[in-house]
Structures are given as C-alpha cells and as structure tokens.
Amino acid sequence: MTAHIEARKKLKAYLSIGVLLKGLKIEGCMLIEVRWHGRGGQGAVTAAEILASAAALEGKWVQAFPSFGAERRGAPVQAYTRISEKLILDRSFIYEPDIVVVLDESLLNADRSNVLMGLKPNGKLVVNSSREPHVLANMLRFNGDVAAVDATSIAIEVLGVPIVNTAILGAVARIIDTPRKESIIEVMKKKFPPTVAEKNLKAFTIAYDRTIIGRL
Amino acid sequence: MSHRLVLSTNHAVAYAVKSCDVDVIAAYPITPQTTVVEKLSEFVADGELDAEYIAVESEHTALSVVIGASALGARTFTATSSQGLALMHELLFIASTMRLPVVMSIANRSLNMPLNIHCDYQDMMASRDCGWVQIYVSSAQEAHDTIIQAYRLAERSDILVPVAVCYDGFVLSHTYEPVEIREKEEVLRFLPRFKRPNVLDLERPITMGVMALPDYAYEFKFQLIDALTKVPRALEEVDKNFEEEFGVSYGLYEEYKAQDADILLVTLGAIASTAKIAVDKLREEGVKVGLFRPRLYRPIPVDVWKEKLRSAKILAVVDRAISFGAIGGPLFTDIVSVFANESDRPLMMDFIAGIGGRDVTIKELMDIVRMSGKVLQKGRVEKACIYYGVRGVEYE
C-alpha cells in the first residue's frame, strides 16, 4: 500500500509539471496509440475506426486496424488506433499503448495479462464497468487514470443490444484530447444510417456524461 | 475534385475500381475473399457503378468469367487472396498468354497448411511465373493509385498484359488510413476508353485461345516475353502521366536513405514502410543503412535493380514468403539472379520473416540490420538464408 502512495505522490509531482498529461496530448508527442480489447460482436474494430476517422477530420494522420483470430462471436478481439501529426509508417502491432480500452469487463480476468501488457505507466485505461475507477485501478494495480462507464447497460437501454462500441467511445472522448467529441459525433452521423446514428449518438452522449474518471 | 476518406486498403481498391468505370466484375464472395468485392457489389447495387457484377461459385470461375468478358473488350476486375489465388492458378496463365488486360487485386495471405488466414506473400509468390505484371504496394493510397495505373498499363496496345496489384493481407488490407480518392472524371481523363484491336466481335470474327502445336507454341509464348520486356519503360511513362494528372508518382521502386548506405534493406510492401523507422533509428546511431523497395516485381526491371543495389556493401533482403527447397526466399533468389554474371556485387543475405501473419517490428528490422552489419565486418556470408525468429533455431 505504501508503494501505491509513493507512486501516487510521484505521479502528482509529474502532473504538476505537466509531463503526464502532455504525454497524451497530440501537441506534446508525435503519436498516440490506442489498443482496444473486446469480444467478437461488440464492435471494437468499428470503434477503432471511428476514433481514427474523427482524428482524420481534424487533419491528423491515422491508422486503425484489427487483430483477428478466426472471426467468431464472443472470442477475444484486439483492435488498434494510431493518431499522429506525421504520416504513420509503423505497420506493426501496438505493444506500448498510451490508452487501453476494454469493451468487456470479463477480459480483465480472462485476458488480464494481455489487456495491461505494455500500457505506459502514464497511460490511461478505459473500462466498460459499473465499478468505481479506483476499485478497478486497485484491482489491476494500475497507477494511471481510469475511466469507467457501464456501457453494457447503456447499450441495452438505448440500442436494445449489448453492442457497446459507441457507448465506450463516449468514455474515450472524455479522456482523450484528440479527436474532440464533436468530431466523433460527426463521423458517427456519416457512418450510420440516420435512425441507427441517432440511437448510437444517444448511447455515446449518455456514456460521455456518466463516465467517471479516477485513480488509485 | 478529389476528397479524402479514411478507408481500409480493400475499400481504397474498390473506390479506385469504381473510378475506373469497369464493365464487368466477377468474384467469389466468401473466404478468402476480402471486402473489396463486398464494397463493389454495394456500388453496383446502389447505382454508383454501372457494371455487371457476377457472383460466381469459385475463384476459378471468377477469373474465367473475367477472361471471357475481357476477350469481348470489356474493362474487367476481380480480386482474391490465398487459396482463392491458388485455385485460379491455371487461369492466370490463360489470361496472360491470351494477352488480356485484366486487373486483379490480391490481399496477400498465407497458403495452407497449417490453416492460417494471415499475411504473407506465399500465394502470389507461388504464381510469380504466371506472366502477369506484379506490383507490390506499401499503403492504402498507393493501392488506390496503382489500380488506376494498372489499367492504363495493361490496356496499352504495346503491352496488353494482365496486372496484379498486391498488398499485405490484414496489415494493409484491413487497415484504415486516410486516402485521397481520385474521382471518376479525373481518372477517365487519365484512362480514356480505348478500342482494342483484337476482341471478339460478331461483325469481325477472330479466333482467340487457339491451339498451337510444336511448330508455333513457342512463338506465342515469346510474344508475351517480348511484351513483358517493355513493361518497365511503359510503367515509367504511365507513372509520369499519372503524376501530371494527380501530382503523385511512385516509380518502379522506392528508396530511402539508400544513396550512401553500406547496408541496404531490400523488401516489398508493408514491411518496407515500418523499415523506414528502423533506418531512421539506426542512422541516429551512426549505422549507414538504407532501404530499397521494389514496386514492380514482375517483370524484374533488371538494369534498375542492378544499378540501385550494386553500390551497397551488403544487401539484407527481407522475404515474406518461403521458396521451399531453394537457397532463400523468392525476392532473394531474384536478386541473386540479377547479379549472376556480375563480378562486382554486394554480399547478400536473406531473412525470411512475417510468415503466417507474424508481426515484423521496428526492433526486429533493426536486429536484422545489425546481424547483416556483423556479417559485413567478417566480409563473408556463411549462412545466406536466415529463418528469422523461427522457434528452435539459433543464429549468431
């Protein structure tokens, strides 16, 4: 426990001189790398693509790509998003993400080592969970910012199906500077047919408002 | 007016095919097909592309249909990958020796066994002797633009050879990135409708796909060989015209910090993109390393490769395919063959990597360069082909 307190103190010190947040700001670093963990059917790949498209609207260079096994519903799926000021040349997977997004809370147990693998110490974690961020941070022994929202409930409430990608994007929009919320909304409006877009935007907005950000 | 979209390479290819205003698309719609033809079927269904879209029962039939349509003078397209390309194999030769300007996109994926859906170049490399022009691209934008160039090249009356546009399965095919879309009006200015001299026509009957016995079969084949020798110059011209219209050119190859390089990475497609970062990092450490990426792979532009590769002290070839029983991978054996009669040539090493979709990282590419550097210091290649990263084998 003392180790955690020490770590928090250090992080606060970093925060005060702006190093920590700068790391996630596009202006401060050339590249933001996001890794998405979901299960087949939850829409992780689409979420990765929407985030990339939104950043592209703001003039950034982007990349979004999946890591498929054999495609099947329910199997763990990873997807990746890169956002940069420069043309992106790296075509390998993301091993040290700035942000990890977990669309399915059960992966925290079933696939924990993969979910947290390489996440930068000053990185951020977004989890689809009804638990408090500090509870999740403690459970995962993670010192960075944790954003939590019960995206599954929102998806079922608004869309009628547990496709959580647009809801979890709401939480991502809360913790990321680039792209802005408005750009994500614009992409979703273009991507989906009007009635589908309307519902997904509702899920996105509710999740954006309900997201709680915390840490150890 | 061109506009920018975030697209997967598959969709970037589909948009290019739409802008080329093709007449006939035939494709087998199920795995190992990619979303190229899914997107094209949408375009046709939505009335955005006035083409015959023929869904067939196999890749063998897909290419057969396209061959028939092309023989009638239609602008045609099909796409496949992996086992699908293998099933097309006999038709590949028929399309090229009938001199039909078919264009096909291939999202390169591994061949069975083991069952694997991921990226390597085994599918196309197993068909590299099929007489098609083969171009490997490195980004979604390049795939989009190369499809347009491919029609212009294939349809030239001095060429009339089918063209395969190859891009890394998943690594490019399913990766979304910004793509400048070339609009139909601009594309058709660059790629005007033309009248081919020899097509099937009831008013002017000819025979195509004839039988030729020992007395003439060889001459038929030689016509294709002759046409292929004209491809490098023709592609340069096409590329130059493309630049005049669209402001972008790609050339027969791409090089990066290669001018003064002692160690030259030589690789195709997506790996060459990642390799640029490896080159930058090693340059910071003072390693004189560069990159050469062949774009036109068949026919081999022999003189160009020779000139560009000769000045390096060692070539570190990275092959994303295996040539079972050969001295190295396909790209490596090609490069060795280019220097067959040359006494003045660099040392050459081959690193087989990225097989069955295995990731090729910046670190690994840096490691490959360092291994090559050690061999260069020794001045002698003891083991030419390294199966890089394979489990159970240790290399120094």
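1. Basis. This is a predicted model, in which local features need pLDDT of at least 70, side-chain atom pairs count only at pLDDT 80 or more, and totals for chains, interfaces and linings use all residues. Residues are numbered from 1 along each chain as its sequence is written, chains are lettered from A and ligands numbered from 1 in the order in which they are written, and side-chain values use heavy atoms, with hydrogens and water left out.

2. Chain A, overall. Chain A contains ten helices and seven strands; helices (H or I, at least four residues) and strands (E, at least two) are DSSP runs, numbered from the N terminus. Of its 216 residues, 54% count as buried. Buried means under 20% relative accessible area, exposed over 50%, and partly exposed in between (1.4 Å probe, protein chains only).

3. Chain A, contacts and surface. Taking contacts (heavy atoms within 4.5 Å) between residues at least 6 apart in sequence, 67% join residues at least 24 apart. The accessible surface of chain A is about 9600 Å², and carbon and sulfur atoms account for 55% of that. These areas come from the Shrake-Rupley method with a 1.4 Å probe; for residues, only the protein chains shown count as cover.

4. Salt bridges, count. A salt bridge here is a side-chain nitrogen of Lys or Arg within 4 Å of a carboxyl oxygen of Asp or Glu. The total over all chains is 42.

5. E85(A) and K60(A). These two form a salt bridge, with the closest N and O atoms 2.9 Å apart. E85(A) sits in the loop between strand 3 (76-84) and strand 4 (99-102) of chain A, and K60(A) in the loop between helix 3 (44-57) and strand 2 (61-67), 25 residues apart. E85(A) is partly exposed at 38% relative accessible area, whereas K60(A) is buried at 12%.

6. R75(B) and E155(B). Their side chains meet in a salt bridge at 2.8 Å, N to O. The pair links distant parts of chain B, 80 residues apart: R75(B) is in the loop between helix 3 (59-71) and strand 4 (76-80), E155(B) in the loop between helix 7 (140-154) and strand 7 (163-168). Both residues are buried.

7. E254(B) and K276(B). The closest N and O atoms of this salt bridge are 2.5 Å apart. E254(B) lies in strand 9 (residues 253-256) and K276(B) in helix 11 (residues 269-284) of chain B, so the bridge ties together parts 22 residues apart in sequence. E254(B) is partly exposed, at 22% relative accessible area; K276(B) is buried, at 12%.

8. Network. E254(B) and K276(B) also belong to a network of salt bridges that includes E142(B), R293(B) and R295(B).
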